[in-house]
Each structure stands twice: as structure tokens, then as C-alpha cells.
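Thanks, everyone. I'll take one region of this protein and go through it piece by piece. Have a look at the model first.

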Amino acid sequence: MIDINKLNRVLNRVDKPARYVGMEVNSVNKNISEVDVSVAFAFPDVYEIGMSYNGLNLLYGLINGKENMLLERVFSPWTDMQEEMLKEKINLFTLESKTAVSEFDFFAFTFQYEMSYTNILRLLDLAGLELKSSDRSEEDPIIIAGGPCAYNPEPMADFIDLFFIGEAEEGLLELLELYIELKKCGVTKSEFLKKACKIKGIYAPKFYTEYYNEDNTINRREKNYLEAPDIIQKRYIENLDEVYATEKPILPNIEAIHDRVVEEIFRGCTAGCRFCQAGMIYRPIREKKIDTIVNQIDTMLVNSGYDEISLSSLSTCDFPELELLVKKLVESYSDQNIRISLPSLRLDSKSLGVLKEIEKMKKTGLTFAPEAGTQRLRNVINKNISIEDIDRAVRFAFSEGYTTIKLYFMIGLPTETIEDVLGIKEIAYMIKDIFFEQDLTNVKGNLKITASSSCFVPKPFTPFQWEAQDDIETLYEKANLLKSEIRDKKVKYNFHDPRISKLEAVIARGDRRVGRVIENAYRRGCHFDGWGEHFKFEKWMEAFEEEGIDPDFYANRQRSTDEILPWDFIDIGVSKKFFIRERQKALNEEVSKDCREICHGCGVNRSYPGGYCPCI
């Protein structure tokens, strides 16, 4: 345990000390010396963001529900706290017991966002641990990582001992039980890694070596441990009704970004948006029964006192019985002043029926994601909504008294033209015109439309994984064009920094050599890269130059479908042939119907039974 007196002095000198004290309602306190295995679980960003991550509550309850296991939380200390910790020589500690992270058996990270990778190195450093796996000792914790970004683990391969590919609820317990068993036998860390890599979903990068061609593409991968698997298959949960679900969400000490009951109603997605990695890696669809959902929500509400329920999934409006579910929740909780929120609404008639039910509880602003400004480009990306859908949805929303609309788009999508970019303005202005066409006599509140655009980032395991990203200058030109064209006070336009998006693309599609740049950038003072005020683009460019690595090679290069990709050794169940077919359909501006209507032969039905697929 760290020196509590030192910590108390430090907490008096930092902003938001409640980030570091723990002791929240529903947090768990165990003695690390009385369990067989201990895990320090880190969300590599500040407390308010990490406490909004639903996976933390899930794994926290799952592991701590086992009498002989312990999981405690770690978040990235803000810069003022880091300075104080270094000054007072306080190593990184967990919230629950204030135990130094270096005393745990495992130090686990979730990879949610590429721009948090320097934060991960910072946390290793603050814990007093060597950054590279090869430099750490037998006494140091085993470093593990999972999450969506871990589906391309290679940029962080030098720093992580084990990656968990897929859904962790069952496999993580399997890994910890293996550790307990082998710990009794006194095996070395290297021997444990050899056993662990045989668990489905586990990848141990030290057992593989990449070789490159003269043009810097990958030539091959070779194993240096023959029993390591050639292909890493993702783990997935077949039956969501039977797997562990959060019962007692931890109540944050300070307001979190999302401070509410979060209920996951299904996993996977059948929409088939061609830019969306999550829609591919989480296939097949697995839905919870309505009774399961209602019971789980009721348990969390009783144990938390929250007054808001968020129904969570990749595409919540695709839940077949969503309107019935919402009606049941409204009947149960409307008299308790509890509201229901959805991450975003599909622009179709089904969503409007759901909206009608939700507004019985409490009106909030509405969020829609058309993604592209024209029908042509929406066909390219397979976003199956029309301008008629948008028109119908906003007319309904305004008739019901809504006056705040948020719209999400992307710029830089494959085949995009200036006409597609300006279509974003046209949609926002169309919505404004629809508002003022109505009778405003009884309208309460002023119209506020916010149109936001992110920059397209080609991601692994998508039909666009081979595409070149627009260069920074082009992305700025498109964003600034929109900014100059949108001059109406009722419409606000925001755009994501293209420089950050370029680094996201480099890291998302990087190989092991990119890890050298990440470490170099960290050594130059880069972390909290996702926070605009701390982003040091010039330092990143210096790191690329010093390491002799061209970022354009990873972000702005069109790749051949024959090229070996850094993540090709991972099997998500969806075939590369499917991605190639979908890519060609995108170039032909052809739409693929929702998988619930017709099977497109993605291959997931052969590898991962139990989900929804017409072929099963």
C-alpha cells in the first residue's frame, strides 16, 4: 500500500481529488493478500470518462463475484496529479485499496481508442514498470489488454504480454483460473504465457516475428514457439441471457460523462455499414429476451438510485421488440420520474414509434446519424436511409415539440465529392426549413441544429480496410468549406481535428514498427492525445522522422487486396472474400440489404453459431 499521508497531502493540491479517493457506493473492498489472483484494471483516460465505460462495471462485478479473485480500478491521473505523484514519489495505485499497481498479478488495459495508447505507456511508467515486455522482470505484473482496438494488436505488441481478442466474460475467467493453477506449481512467466496462448482468444505477441518486404509491406509472420496457434480466433458469448450482467453499478464520486443505468440489449449488428468496424467484429447478432432486460434494469435501478436508463447496443433501433420493451419500461417507471435514452435514432418509421413512447417520460434533444450528405454516398457506405426518411423523422420530431437536433456525419469517405460534402449543409438547412414551415404558435424553445463531422478513418476488418485516407490538407479543405458555407445562426457546425484522425488511421492499420513511433512520441511528452489542449502533433511528426517511418504509408496509401495485413492472423468469423465483395459493391454504389432480410454470406454462421443469421 502507498503512503496514505503523502496521498492526503497531494489530494489537497490537485483539481478534482474525488477522482482518486475511491470508496464509491457499490465499490468492493477485499484484501489482496487473501485472494489467489489480483487484477488492476485500467481505463486509460480520466475518471469521468472511464466510469462511463459499461465494460468496467461488467468485469468488476464478474471478477469480484469470485471469492478468490480481486479486480481493482485504475484511471489516468490528470496532469496535475501526475506532477504531484512524481514529486512525492507515489507510484500508480488502485482506487479501492490504494495498493501500488506493481503488486498485482495482472495489470489490464482496455483498448477503446487509438489515441489513448500513449496514456497506456504513461500508466506503465507511473507504475514503475518498464514499457517493453522484454525488459520487465518475473516479479512484475503480467500486462494484458483487450477491447475493440485490440483486434489489431500489432502497434502495441512490444508493450503487452497477452492480448484478449473478443468478448471477455468467459475467457478472462479461464485465464485467471489457469494462472491460479500454474502459480501453485511455481511456473515462470514465460511458461505461463506458453500455456495461456493456447486459450481461445489469447494472443501472446512474443511468440511471433514479422518480416517485411523492401517496399515495407509485410512478407510473412513466423512463430518462435511451435505450439502457439497460427490463427487467433475471437471469443464471443453465445447466450446473453445466461452470461453475467452488471447488478450493482458503481456510483461515481463526481459526475461522469454518462451517469446512468446502462443495459445492453443485444450484441452485433446486421446493418452492414461498410465503414463500421464494430458492426463486423461483433457479429453475429445475439439478443436478450425482454424479461431478462427488464429484470436486469430493475436490479440496477434498485442498487443504484439512478433516474435514467440507457438502452445500449450498436444499433438499438434494430432490436425487433424495441417498442414493446420501451412500453414495458414506461409502464414500470413513468411514475418514478425515470427517463429512457437511446444512443441515437434510426431515421425510419419504427424509430418514430419508439420515440413516441420515450417522450412520455421526459423530452431531451434528438440525435440522428445520416453519416453522408448525399444519397449516392450513403449507398457507397451502405447507410440505408433516404432523404425521405430524414424528412419524415424531423417533421415528426418537431410536431412532438422537439427543438434540438444533433446530426453526425463523416467527411473523407471513399469516392466522396464536393457535392457530397455540401450535402451536409443541404440536410441541415432542409431541417431548419421544415421547422419554420410548421405552426410555431405553441412551440417552446428555440431551434438548435448541430451538425458535426468526423474524418473517415479506414479500420481493420471492414470493406474499407484497404482504402486510402484523405490527406490532412484535403480534410481541412472540406471542413473549412462547410464552415464557410454554413452561415445560419440556427445551424452550428463542428468538425474533428484531421491531424488526430490521421494518427488514428496510422495506428489503427499499423504494424509492429508503429510501436516505435508511439514510444518515441511518449518520450517526447505526448499523452492525453485525444484532448485537444494536450495534443502535440509536431512531436508526433518528429517521432515518425526519427524512427524513419512514413505515416503516409499507413494512412494515405491505397492497399492491394492481395497484401498481407497486420491483422490477417486474427479470425473474427467474417471472411476477407466478403469484405472484398462489399468493397466492390461500394465502388459500384450498390446497397446490401440488412442481414435480417437476406444473407450475404459473410461466413460468421460457419464459425460462430448461436446468433441471428438466416443461414443458420
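Predicted model: local features only at pLDDT ≥ 70, side-chain atom pairs only at ≥ 80, totals over all residues.

β13 covers residues 308-312, and it pairs with β14 in the parallel sense over 3 bridges. Now the other neighbour. β10 and β13 also pair in the parallel sense, over 4 bridges. There, Glu264 stands opposite Ser312 of β13.

We get an open sheet of 3 strands, in the order β10-β13-β14, with parallel pairing. The edges are β10, residues 261-264, and β14, residues 339-341. Each edge strand pairs on one side only. On average, neighbouring strands are turned by 25° against each other, direction ignored. As a reminder, strands of a sheet pair through backbone hydrogen bonds.

How much of β13 is buried? The count is 4 of its 5 residues, so this strand is largely enclosed by the rest of the structure. From β13 the chain crosses through α10 to β14. That β-α-β crossover is right-handed.

Next, the crossover helix. α10 spans residues 322-333 and lies across β13 and β14. Against β13, α10 runs at about 165°.

Now the other helix, α9. This one takes in residues 290-304, 15 residues in total. From first C-alpha to last, α9 reaches 21 Å. That is close to the 21 Å expected at 1.5 Å a residue.

One last detail, just past its end. Gly305 follows α9, and the phi of Gly305 is positive, near 80°.

To recap: β13 pairs with β10 and with β14, and α10 lies across β13 and β14. Happy to take questions.

Definitions and conventions:
Residues numbered from 1 in each chain as written. Heavy atoms only, no water. Pairing = 2+ DSSP bridges. Helix = DSSP H or I, 4+ residues; strand = E, 2+ residues; numbered from the N terminus. Axes fitted to C-alpha atoms, helices over the stretch in contact; angles between N-to-C directions. Contact = heavy atoms within 4.5 Å. Expected span 1.5 Å × (residues − 1). Buried < 20%, exposed > 50% of the residue type's maximum accessible area, 1.4 Å probe, protein only. Right-handed = clockwise from strand over helix to strand, strands pointing away.
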